Amino acid sequence: MTVLGIAEHRRGDLRDVSFELASVGRELADATDSELHLAVIGGEVEAFADDLDREGVDVIHTIDEGEEFNHDIYVQAVEALHDDLSPDVLLMPHSVNGLDYAPAVASRLSLPLVTDAIGVERDDGLAVTREMYGSKVETVVDVDADRVALTVRPGEWPPVEGTGDADVSAFAVDIDESQVRSTVTGFEEVGGGDVDITDADVLVSVGRGIEEEENLALVEALADTLGATLSSSRPIVDNGWLPKNRQVGQSGKVVTPDVYIAIGISGAVQHVAGMKGAETIVAINDDPSAPIYDLADYGIVDDLFDVVPALIEEFGGEPPEI
Amino acid sequence: MKILVTVAEVAEVEDDFEVDGLAVDDRYLTYDLNEWDDYAVEAAVQIQEAGEDVEVVSVTVGPERADETIRMALAKGVDRAIRVWDDDLAGTEYLDSATKAEILAAVAEEEDPDLVLTGVQSGDSAFGATGVSLAERIGFEWAAVVNDLDYAAGDDEASVRRELEGGVEELTDVETPAVLTIQTGINDPRYASLRGIRQAQSKEIAPKKLADLGLDADVTEGAVSLTELYEPETVSDATVYEGSPEETAGQLADLLRDKGVVEG
């Protein structure tokens, strides 16, 4: 039997999730004494194959089609390789690009699909752990099928390491160009501007709990008092209350300040991906079960509208009227 | 032209809740229009307002209770709505994205839209797969996680930005007809006006059963089943300050002084 994982790369580099996916793949392969195959599609496939050749990887398939990710090519390439290998588990990353091709692949191959896996257990069948309701509950879903497609949440498994001795083999796909109906025309870095939150030693970060735009003055005053930089979670930027360059998270910036003060932030997984590297994390949130507390070093479980003014006053500042 | 927008009523869980078997006890759930779909509705209505002769139709898979949510979409400018539900769907323990995509595909075949907009994911189950699954089933091109859209009614191509990780956006041209999955922040969803809410009362919500769409109960029989649902164990080892806001703020201030964030 075979487990097949599809690596991900962008602008010349393999993304970390490729190595994490290999780790899940090895775990699943060990459970049934299977081989772990990886595939890399497009770009510098030979160099990527060298990098992917790590401990526990049995075979690496290189598919030299295109430079960057294009879902029309990925769908055709994965379908062809799947037809050739008949893996019992097909692993893809639960990344933005994974979301852009994995459901189409599963649909085309009539495979049951479970997305955003955070745990897997393989015995007679396959049991997949995932979250619901914004991480408030975990669920286990059983898959009763000989073949399955899974997308794997980035950051949940350690990356495979060490040096391997995988067989590297080129796989040729006859791409039907008439089915390539989207064209990537470029990339753009967003969120430049005058402030680089990745440089900040201290970040005061605000989330949905601030409720109204005018209340932002409160956290701005705290940031001023502390000499800190203001950042935020996604909803604040979505609402247009702060520019994109202030957003911390998976689709924003990854920050590593000495101190990160999360105010009114629940700690959704997409946000955590951007701030978990902070040296000291402080959370102020009135919900004691908020996921941010799983990560925080210090916390105040109380109403931010009471705590933040008191904190400003502690340092001799004057909280604004809101 | 016609734009089909898929909308879902999603459940939100209160901070404190209890689990009842394989579900969160209904007492702790509140229902609302899926956040991502709200942006998809707005994107559709904006295309309608900018062009001529654009019909916006919403479709949802859900029980009668969802009519309240659908009315919100109608109040925001959707012209008419379709709601699919029947006893077979009500009796299905776990509606996975493949089942939803199959049902939505049947609706799309009937409606023959030029563009389909969906939210990237639903706030409750967060599969994130329905839109792209739907596109593949109906032979449309697609783009997932779209946070900017340049498209006018009748265009044979949509220029989109896809929000990748790490503050990078991909610029992509997509042939239409297409399914676009819409990311939050792409626009500023309008509030339903009182006039819109009044008008929504007279708009059609067409109820459909699986059989009306040429589907039978087999569509609900997937290989994926829910076997456990539980509150995850808290793994927090945070030092939580206790006391009044002044006391806890004082303790945090001491910490920040110790860390050298603030002098004195």
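**Exercise 1. Count the salt bridges between chain A and chain B, and describe the contact they belong to.**

Solution. Between chain A and chain B there are 11 salt bridges, each being a side-chain nitrogen of Lys or Arg within 4 Å of a carboxyl oxygen of Asp or Glu. One of them joins the side chains of Arg10(A) and Glu165(B), at 2.7 Å from N to O. By class, the side of chain A that touches chain B has 35 nonpolar, 21 polar and 25 charged residues. Here Ala, Val, Leu, Ile, Met, Phe, Trp, Tyr, Cys and Pro count as nonpolar, Asp, Glu, Lys and Arg as charged, and the others, Gly among them, as polar.

The model is predicted: local features need pLDDT of at least 70 and side-chain atom pairs pLDDT 80 or more, while totals for chains, interfaces and linings use all residues. Residues are numbered from 1 along each chain as its sequence is written, chains are lettered from A in the order in which they are written, and side-chain values use heavy atoms, without hydrogens and water.

Next, the extent. The contact (heavy atoms within 4.5 Å) takes 81 residues from chain A and 80 from chain B. The buried area, meaning the accessible area (1.4 Å probe) that the two parts lose on being put together, summed over both, is about 7,000 Å², and carbon and sulfur atoms give 54% of it. In chain A, Tyr133(A), Lys136(A) and Arg181(A) lose the most area to chain B, together 10% of what that side buries.

**Exercise 2. Explain why helix H5 of chain B is described as largely enclosed.**

Solution. Helices (H or I, at least four residues) and strands (E, at least two) are DSSP runs, numbered from the N terminus. Buried means under 20% relative accessible area, exposed over 50%, partly exposed in between (1.4 Å probe, protein chains only). After the helix comes Gly139(B), with a positive phi near 75°.

**Exercise 3. Is Gln48(B) buried or exposed, and which residues is Gln48(B) in contact with?**

Solution. Gln48(B) is in helix H1 (residues 35-50) of chain B. Its relative accessibility is 15%, so Gln48(B) counts as buried. Leaving aside neighbours within four places in sequence, Gln48(B) is in contact with Val54(B), Glu55(B), Val56(B), Gly77(B) and Asp79(B). A polar atom of the Gln48(B) side chain lies 3.0 Å from the backbone oxygen of Val54(B).

Key
A polar contact is a pair of N or O atoms within 3.5 Å; within protein, one must be able to donate a hydrogen and the other to accept it, and residues adjacent in sequence count only if both atoms are side-chain atoms.
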